[in-house]
Amino acid sequence: MQNSEEKKNRPQDKWDEKAGLVPKTYKVDKEVSEEFKEVCKEVGVAMGTQLTRMMKEFIEEVKK
């Protein structure tokens, strides 16, 4: 029997690790979050992909 403290490994977890993906939790304004979710859905963009793109743009802007 598996210890309740051990994390259950899912196939997705293994793929995420290989791809260098990690789950993150942030507190953001609820209205902005919901609007972002809807807009991403409307244009067919994954939220995580768009967040990564915006983070990279911000990092590059700050480094200039």
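Me: Why are H2 and H3 called roughly perpendicular to each other?

Reply: In this predicted model, H2 and H3 pack at an angle of about 110°. Angles of 65 to 115 degrees count as roughly perpendicular, so H2 and H3 get that label. Their axes are 10 Å apart.

Me: What makes the contact between H2 and H3, and how does it divide by class?

Reply: H2 brings Phe-36, Lys-37 and Cys-40, while H3 brings Met-47, Gln-50, Leu-51 and Met-54. That splits into five nonpolar, one polar and one charged. Lys counts as charged, so Lys-37 of H2 is the charged one.

Me: What makes up the lining of the largest pocket, and where does its largest share come from?

Reply: The lining has 17 residues, with Lys-24, Tyr-26, Gly-48, Leu-51 and Met-55 nearest the pocket's centre. H3 gives the largest share, seven residues, and H2 and H3 each supply at least two. By class you get 11 nonpolar, five polar and one charged. As for volume, the pocket comes out at about 590 Å³.

Me: How do you know where confidence is highest and where it is lowest?

Reply: Look at the mean pLDDT: helix H2 (residues 30-43) is highest, at 98, and helix H1 (residues 11-19) is lowest, at 85. For the protein chain the mean is 89, and 89% of its residues reach 70 or more.

Methods. Residues numbered from 1 in each chain as written. Predicted model: local features only at pLDDT ≥ 70, side-chain atom pairs only at ≥ 80, totals over all residues. Heavy atoms only, no water. pLDDT = per-residue confidence, 0-100. Helix = DSSP H or I, 4+ residues; strand = E, 2+ residues; numbered from the N terminus. 1 Å grid on protein atoms, 1.4 Å probe; cavity = no way out; pocket = protein on both sides within 12 Å on 5 of 7 lines; lining within 4 Å. Points joined across faces, edges and corners; volume = space filled by probe spheres on them. Axes fitted to C-alpha atoms, helices over the stretch in contact; angles between N-to-C directions. Parallel < 35°, antiparallel > 145°, perpendicular 65-115°, else oblique. Contact = heavy atoms within 4.5 Å.
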